[in-house]
Amino acid sequence: MSQLTCTDLTLGYEGQEIISNLSFSVQSGDYVCILGENGSGKTTLMKTVLGLHKPMSGTIETGDGLSRREIGYLPQQNSIQKDFPATVFEIVLSGFQGRCGLRPFYNREEKRQAEKNIELMGISHLKKRCYRELSGGQQQRVLLARAVCATEKMLLLDEPVAALDPKATQEMYAMIEKLNKEYGITIVMISHDVRAAIQFANKVLYIGDKIFFGTREEYLRYSAMESAKETEGNNGNI
């Protein structure tokens, strides 16, 4: 059974469509990379899956024991987030807010799990540091640890390596792959990095003038065919 099924989705703002007739499903343990041009609706799709936006039409269903409250989310960072005046531990622990319900405090098990996720990300030595004093790569590890606190099942990642240097980028990809392969967390990641999609993802969703969803191997064949068509079209215009 699928963890996430989107059927005939139409997404947009103020009555203007961005994506139409989008259907795909995500199985437990998948690593799905979402590709597409800027403005194609990738982030809108992710926020709609999280329930932050309503679809104009179509349905989004969770299954296999997953509820939307159990989906972890790593959004794109903005300048306000980068300057947030809190400790690493406080930020990671805040990942449990969705599970607290009416409780005004975090319990002992949540604090223990936050410590564990900080250790998993290799940032235990930064636990008491102020978040805004950290490098970009360190901040992303903190936010990934926070997202993992929200879930043991599925992570939605929006450009998790944006603006990182090559070393931090490779470290982040390695950590995401570890969460997928060793911890069984389903990954759905927006990326502009096609090479990363080919290297890590087992499925690809491409959103553009045409929509493609399939395995990595199917995407490679599809991409090659589209490139060949474009080349033929350009030659015909010469």
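Predicted model: local features only at pLDDT ≥ 70, side-chain atom pairs only at ≥ 80, totals over all residues.
Strands of a sheet pair through backbone hydrogen bonds, either parallel or antiparallel. In this model, 3 strands make up an open sheet whose order is β2-β1-β4, with antiparallel pairing. At the edges stand β2 (16-26) and β4 (57-62), each of which pairs on one side only. On average, and with direction ignored, neighbouring strands of the sheet are turned by 25 degrees against each other.

Strand β1 (residues 4-13) is joined to β4 by 5 bridges in the antiparallel sense. Within this part of the sheet, threonine 5 has glutamate 61 of β4 opposite. Helix α1 (residues 42-49) packs on the sheet and touches β1, β2 and β4. The direction of α1 makes about 120 degrees with that of β1.

## Helices α6 and α7

Two packed helices are described by the angle between their axes and the distance between the axes. For helix α6 (residues 136-149) and helix α7 (residues 166-181), the axes come within 10 Å and cross at roughly 15 degrees. Because angles under 35 degrees count as roughly parallel, α6 is roughly parallel to α7. The crossing of α6 past α7 is right-handed.

On the α6 side, the contact is made by Gly137, Gln140, Arg141, Leu144 and Val148. The α7 side contributes Ala168, Glu171, Met172, Met175, Ile176 and Leu179. By class, the residues of this contact comprise 7 nonpolar, 2 polar and 2 charged.

## Helices α5 and α6

Helix α5 (residues 108-120) also packs with α6, at an angle of about 140 degrees and with the axes 9 Å apart. The two helices are therefore oblique to each other. As α5 passes α6, the crossing is right-handed.

In this contact, Ala114, Asn117 and Ile118 of α5 meet Ala145, Val148 and Cys149 of α6. The contact residues divide into 5 nonpolar and 1 polar, with no charged residue. Val148 of α6 takes part in the contact with α7 and also in the contact with α5.

## Salt bridges

Side chains of opposite charge can pair when their charged atoms come close. Over the whole structure, a search finds 9 salt bridges. One of the pairs is formed by the side chains of lysine 203 and aspartate 30, at 2.9 Å from N to O.

Technical notes
Residues numbered from 1 in each chain as written. Heavy atoms only, no water. Pairing = 2+ DSSP bridges. Helix = DSSP H or I, 4+ residues; strand = E, 2+ residues; numbered from the N terminus. Axes fitted to C-alpha atoms, helices over the stretch in contact; angles between N-to-C directions. Contact = heavy atoms within 4.5 Å. Parallel < 35°, antiparallel > 145°, perpendicular 65-115°, else oblique. Left-handed = near helix turned anticlockwise from the far one by under 90°. Nonpolar A, V, L, I, M, F, W, Y, C, P; charged D, E, K, R; others polar. Salt bridge = Lys/Arg side-chain N within 4 Å of Asp/Glu carboxyl O.
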